[in-house]
Amino acid sequence: AATQGYLGTRRIRTPNLGIVTAPTYPMLRDVTIRSFLEMAEGLVRDYNKSESHITMRNGSEILFRSTEHPERLRGPSISWWWGDEAALYLPNVWQIMIGRLRQYGLHGWAWITTTPKGRNWIWQRFIQAVRKGYRIFKASTLQNPYLDREFVQALVEDYVGDFAAQELYGEFIAFEGLIYA
């Protein structure tokens, strides 16, 4: 399940610079970049794997970065940012990244995708304190047209209670009374 929100009010000029982030370098490499390349098939002109940099056919560039060290995200002026699995980010990643949305002097776009992980910073910022200019789009795993129906049914049969609500239906669940050993 994915929950996403975005920030932005103006059109984006092309070519432009965008950044895609993931919580760790292995997640960036194994999931986010791989998924992006599958979805952007035919639109990529050049992929420099060692630099985690893509140039699109329209001249736009995309940097892929980990959020493990948020301070290292400072600097670039970008037109847009996509944060994947953002529930695993430290809260200041959002603040740092929205400060980058200034390429060409325009206020750019930001969106995050994630499976909710309890009542974390995403819940606090986008659900608890609804703010103008932000939107939430919730999608259930059951609504994903790219998943095999038998696979989805197996998940429905195996996942129960709050875990199912979070993982299958994209609900922000407050896991209370848990004991961590």
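Q: Which residue lies over the face of tyrosine 104?
A: Arginine 13 does. Its distance from the ring centre is 4.0 Å. To call this a charge over a ring, CZ of Arg must be within 6 Å of the ring centre. Keep in mind that this is a predicted model.

Q: Where is tyrosine 104 in the chain?
A: Look to the loop between helix 2 and strand 7.

Q: Is tyrosine 104 buried, partly exposed or exposed?
A: Read the relative accessible area: under 20% is buried, over 50% is exposed, and in between is partly exposed. Tyrosine 104 has 36% relative accessibility, so it counts as partly exposed.

Q: What is the phi of tyrosine 104?
A: Tyrosine 104 is not a glycine, yet its phi is positive, at about 60 degrees. Glutamate 85 is another non-glycine residue with a positive phi, here about 50 degrees.

Q: Where is glutamate 85, and what is its relative accessible area?
A: Glutamate 85 belongs to the loop between strand 6 (80-84) and helix 2. Its relative accessible area is 23%, so glutamate 85 is partly exposed.

Q: Now the rings. How many aromatic pairs are there?
A: Two rings pair if their centres lie within 6.5 Å. The count comes to 9 aromatic pairs. Phenylalanine 36 and phenylalanine 64 make one of them, with 5.5 Å from centre to centre and 70 degrees between the planes. Planes over 60 degrees apart count as edge-to-face, and that is the label for this pair.

Q: What parts does the pair of phenylalanine 36 and phenylalanine 64 tie together?
A: Phenylalanine 36 is in helix 1 (residues 25-39), while phenylalanine 64 is in strand 5 (residues 61-66). The pair therefore links parts that are 28 residues apart in sequence. Both phenylalanine 36 and phenylalanine 64 are buried.

Q: How are the rings of tryptophan 94 and tyrosine 134 placed?
A: Their centres are 6.1 Å apart. Their planes meet at 45 degrees, so the pair is tilted. Tryptophan 94 lies in helix 2 (residues 92-98), and tyrosine 134 in the loop between helix 3 (121-128) and strand 8 (135-139), so this pair ties together parts 40 residues apart in sequence. Tryptophan 94 and tyrosine 134 are both buried.

Q: What is the volume of the second largest pocket?
A: First read the volume, then the lining. The volume is about 180 Å³. Among the lining residues are Tyr25, Pro26, Arg29, Tyr47, Lys49 and Ser52.

Q: Which element gives the most to that lining, and what classes of residue are there?
A: Helix 1 gives the most to the lining of the second largest pocket, with 6 residues. By class, this lining holds 5 nonpolar, 1 polar and 3 charged residues.

Q: Is methionine 39 buried or exposed?
A: Use the cut-offs again. Methionine 39, in helix 1, has 64% relative accessibility, so it counts as exposed. Threonine 113, in strand 7, has 15%, so it counts as buried. Glutamine 143 has 54%, so it counts as exposed. Its place is the loop between strand 8 and helix 4 (149-158).

Q: What separates glutamine 143 from threonine 113, and from tyrosine 104?
A: Compare places along the chain with C-alpha distances. Threonine 113 and glutamine 143 are 30 residues apart along the chain, and their C-alpha atoms are separated by 15 Å. Glutamine 143 and tyrosine 104 are 39 residues apart, with 37 Å between their C-alpha atoms. For methionine 39 and methionine 56, the values are 17 residues and 13 Å.

Note on methods. Residues numbered from 1 in each chain as written. Predicted model: local features only at pLDDT ≥ 70, side-chain atom pairs only at ≥ 80, totals over all residues. Heavy atoms only, no water. Phe/Tyr/Trp six-rings, centres within 6.5 Å; stacked < 30°, edge-to-face > 60°. Helix = DSSP H or I, 4+ residues; strand = E, 2+ residues; numbered from the N terminus. Buried < 20%, exposed > 50% of the residue type's maximum accessible area, 1.4 Å probe, protein only. Lys NZ or Arg CZ within 6 Å of the ring centre and 35° of its normal. 1 Å grid on protein atoms, 1.4 Å probe; cavity = no way out; pocket = protein on both sides within 12 Å on 5 of 7 lines; lining within 4 Å. Points joined across faces, edges and corners; volume = space filled by probe spheres on them. Nonpolar A, V, L, I, M, F, W, Y, C, P; charged D, E, K, R; others polar.
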